[in-house]
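I wanted to go through the sheet and the helix in this one. Here are my notes.

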Amino acid sequence: MEKEKKPRACWKCGCKEIKIEDCGYSSFNVGWAECTGCGYKVKLGCCGCFPHDEIVNYWNSSKQRLKKSLGEAKKEAARIKAELAEGASDGG
Ligand SMILES: [Zn+2]
């Protein structure tokens, strides 16, 4: 029997009971992981079939992924600010 990958404890509340729904259990073709402690949920997509391990990996990296998104959003915000500042000098 293959060893199932275990999800990490929730980074929001520390709860270790993480519910994994993969295509084997769900009637919908979605994969997601949900913390039973605080209800924090990550979803892989609205279509397609995701294996258990992939969902666990996604759950385990959810914090890092959010941090990365924040970094990218900050860069984008800086770019937009700079663009707006250029416009201001036109007397707009
Ligand atoms: Zn939680």
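Before anything else, I noted how pairing is called: two strands pair if DSSP finds at least two bridges between them. Strands (E, at least two residues) and helices (H or I, at least four) are DSSP runs numbered from the N terminus.

I kept in mind that this is a predicted model, where local features need pLDDT of at least 70, side-chain atom pairs count only at pLDDT 80 or more, and totals for chains, interfaces and linings use all residues. Residues are numbered from 1 along each chain as its sequence is written.

Sheet: I found an open one of three strands, ordered β1-β2-β3 with antiparallel pairing. β1 (18-21) and β3 (41-43) are the edge strands, each pairing on one side only.

β1 with β2: I looked up this pair and got four bridges, antiparallel, with β2 covering residues 32-35. Glu-21 sits opposite Trp-32 in β2, and Lys-19 is opposite Glu-34 in β2.

Helix α1 (residues 52-60): I have Ile-55, Val-56, Tyr-58 and Trp-59 down as buried. They lie on the same side of α1, because their arc around the axis is only 160 degrees; the arc is taken from the directions from the helix axis to the C-beta atoms.

Technical notes
A residue is buried if 20 or more other C-beta atoms lie within 10 Å of its own, exposed if 12 or fewer, and partly exposed in between; C-beta atoms are placed from the backbone.
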